[in-house]
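Student: I have a model open and a list of labels to check. Can we take them one at a time and test each against its cut-off?

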Amino acid sequence: MKEKGIIIAAILVGAWLGNRLKLPSGYLTGGLIAGLLAKGFFSTNLPASGALSVISQLLVAYVLVSNSTSRSSRKIPLSSPSPSAISPCLLSSASGSPSF
C-alpha cells in the first residue's frame, strides 16, 4: 500500500511539473511520465480495472476533441517530444524493469 501512495504522489507532482514546464498536455504528460517512472522503480503491479480504463479513455478523448481547433493541427510537430518521452516509460513499466 505504501508504494501506491508514492505512485499517486509522483503522478500529482509530475502533473504539476508538466504544467509548470508548459509541456503539451502538461498535466497528463507530466503525470504519466512521473507515475510510470515511479511504478517502474518500485516494480509494483497496481490492480487494473477494465471499467475505469474505458471511462478514462473516453474522458481523455472528450477533452482532446473539445479543446482542439483548426490551429492546433499546426502544433503537431511541437508535441512529438511527449510521445518520445512517454514510450520508454510505458515499455519500462510494462516489462517491470527499467529499459532505458
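**Labels and their cut-offs**

Tutor: Start with A10, which is buried, with a relative accessible area of 18%. A10 is found in helix α1. Keep in mind that this is a predicted model.

Student: Why is A10 called buried?

Tutor: Buried means under 20% relative accessible area. A10 has 18%, so A10 counts as buried.

Student: What is A10 in contact with, leaving aside its neighbours within four places in sequence?

Tutor: A10 is in contact with A34 and A38, once neighbours within four places in sequence are set aside. Contact here means heavy atoms within 4.5 Å. A10 and K39 also pair up across the fold: 29 residues apart in sequence, 9.2 Å apart in space, C-alpha to C-alpha.

Student: Which residues of α1 are buried?

Tutor: I7, A10, G14, A15 and G18. Seen down the axis of α1, they fall within an arc of 135°, so they line one face of the helix.

Student: What do the buried residues of α1 pack against?

Tutor: They pack against α2, residues 26-42. The face of α1 turned away from its buried side carries exposed residues: K2, L12, V13, W16 and R20.

Student: How do you know that the end-to-end length of α1 agrees with a helix?

Tutor: Helix α1 covers residues 2-20, which is 19 residues. At 1.5 Å a residue, these should span 27 Å. The end C-alpha atoms are 27 Å apart, so the two values agree.

Student: How does α2 do on that test?

Tutor: α2 has 17 residues. From its first C-alpha to its last, α2 reaches 24 Å, close to the 24 Å expected at 1.5 Å a residue.

Student: Why is G26 called buried?

Tutor: G26 is at 9% relative accessibility. The cut-off is under 20%, so G26 counts as buried. G26 is found in helix α2. Others buried in α2 include T29, I33, L36 and A38.

Student: Which residues is G26 in contact with, leaving aside its neighbours within four places in sequence?

Tutor: G14, A15, G18, N19 and G31. The C-alpha atoms of G26 and G14 are separated by 8.8 Å, and the two residues are twelve apart along the chain.

Student: What makes L17 partly exposed?

Tutor: L17 has a relative accessible area of 39%. Buried is under 20% and exposed is over 50%, so 39% falls in between. L17 is found in helix α1.

Student: Which residues form the nonpolar patch on the surface?

Tutor: W16, L17, L21 and L23. Together they have about 400 Å² of accessible area. To join a patch, a residue needs over 30% relative accessible area. L17, at 39%, clears that cut-off.

Student: Is K4 called buried, partly exposed or exposed, and why?

Tutor: K4 has a relative accessible area of 36%, which lies between 20% and 50%, so K4 is partly exposed. K4 lies in helix α1. Its C-alpha is 9.3 Å from that of N45, which is 41 residues away along the chain.

Student: Where is K22, and what makes K22 exposed?

Tutor: K22 is in the loop between α1 and α2. Its relative accessible area is 72%. Exposed means over 50%, so the label holds.

Student: What sets the phi of K22 apart?

Tutor: Phi of K22 is near 60°, a positive value in a residue other than glycine. Most residues other than glycine have a negative phi. Just after α2, S43 also takes a positive phi, about 45°.

Student: How many helices and strands does the protein chain have?

Tutor: Four helices and zero strands. Buried residues make up 20% of its 100 residues. The chain exposes about 7,400 Å², and carbon and sulfur atoms supply 68% of that.

Definitions and conventions:
Residues numbered from 1 in each chain as written. Predicted model: local features only at pLDDT ≥ 70, side-chain atom pairs only at ≥ 80, totals over all residues. Heavy atoms only, no water. Helix = DSSP H or I, 4+ residues; strand = E, 2+ residues; numbered from the N terminus. Expected span 1.5 Å × (residues − 1). Buried < 20%, exposed > 50% of the residue type's maximum accessible area, 1.4 Å probe, protein only. Arc of directions from axis to C-beta. Patch = residues over 30% accessible without salt bridge, like charges linked within 9 Å, V, L, I, M, F, W, Y side chains within 5 Å. Areas by Shrake-Rupley, 256 points an atom, 1.4 Å probe, with all protein chains shown as cover. Salt bridge = Lys/Arg side-chain N within 4 Å of Asp/Glu carboxyl O.
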